[in-house]
Amino acid sequence: MENAVRIAAHLGIPLFESASDQFDAVFVRVGSKGAIGVNRNAYWARRRFSVAHEIGHAVLNHPPVNACYGEGAGPKRPRIYDREADRFAAELLMPKLFLSREWFRYSDDALAKRYHVSNQAMEIRLRELGFLRE
Ligand SMILES: [Zn+2]
C-alpha cells in the first residue's frame with residue numbers, strides 16, 4: 001500500500017492508522033482539513049484500495065465526514081460521491097491504459113497480483129472496462 005500512502009503524503013493529506021470493525025478507511029475532518037484514517041486490521045489489498053478511494057474523496061473535493069465512520073455506518077455522504085471515489089481509486093490503481101495492454105496476456109488472478117489489488121477489485125475493473133473473458 002506504499003504508493004497509496006506516498007500519494008496521500010504528496011498531496012499533504014495526513015494519514016493515521018487505527019483499529020476498527022467499522023471501516024476500512026475513512027476521510028474525516030480534522031480541524032478545517034481532511035485526514036485519512038486507515039483500519040490497520042483490514043486485509044492489505046482492501047486497505048490499499050480504501051486509501052485510494054479516500055484520496056479520491058480528497059482530490060474530488062468531497063466533504064470529509066465529521067466523525068470516524070466508514071462507508072457503512074454513521075453520517076452518510078451522497079452515494080454519488082462514493083461511486084466517484086471508487087472510479088478514482090480504480091483508475092489510480094488499475095489504469096485503463098496499462099490494463100488495455102495487458103489484460104489478455106494474464107489471468108485475472110495474475111493481474112490482481114500484478115496490480116496489488118484484490119481479485120474482486122480486478123474482476124470489477126475488467127468488467128467495467130469491458131475486458132471480458134470468453
Ligand atoms: Zn467513500
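Visitor: Which strands does helix α2 lie across?
Guide: First, the ground rules. This is a predicted model: local features need pLDDT of at least 70, side-chain atom pairs count only at pLDDT 80 or more, and totals for chains, interfaces and linings use all residues. Numbering starts from 1 along each chain as its sequence is written. Now the helix: α2 (residues 44-59) lies across β2 and β3. Helices (H or I, at least four residues) and strands (E, at least two) are DSSP runs, numbered from the N terminus. Contact means C-beta atoms, placed from the backbone, within 7 Å.

Visitor: At what angle to β2?
Guide: About 40 degrees. Axes are lines fitted to C-alpha atoms, for helices over the stretch in contact, and angles run from 0 to 180 degrees between N-to-C directions.

Visitor: Is α2 mostly covered or exposed?
Guide: Mostly covered. In α2, 13 of its 16 residues are buried, meaning 20 or more other C-beta atoms, placed from the backbone, lie within 10 Å of a residue's own.

Visitor: Switching to the sheet. What's the strand order?
Guide: β1-β3-β2, in an open sheet of 3 strands with mixed pairing. Strands pair if DSSP finds at least two bridges between them. The edge strands are β1 (15-18) and β2 (25-30).

Visitor: How many bridges link β2 and β3?
Guide: 6, in the antiparallel sense; β3 covers residues 33-39. Val30 stands opposite Lys33 in β3.

Visitor: Back to helices. Where do α2 and α3 meet?
Guide: Their axes come within 8 Å and cross at roughly 120 degrees, with α3 at residues 79-93. The contact includes Phe49 and Ala52 of α2, and Tyr81 and Phe88 of α3.

Definitions and conventions:
Contact = placed C-beta atoms within 7 Å. Buried ≥ 20, exposed ≤ 12 C-beta atoms within 10 Å, placed from the backbone.
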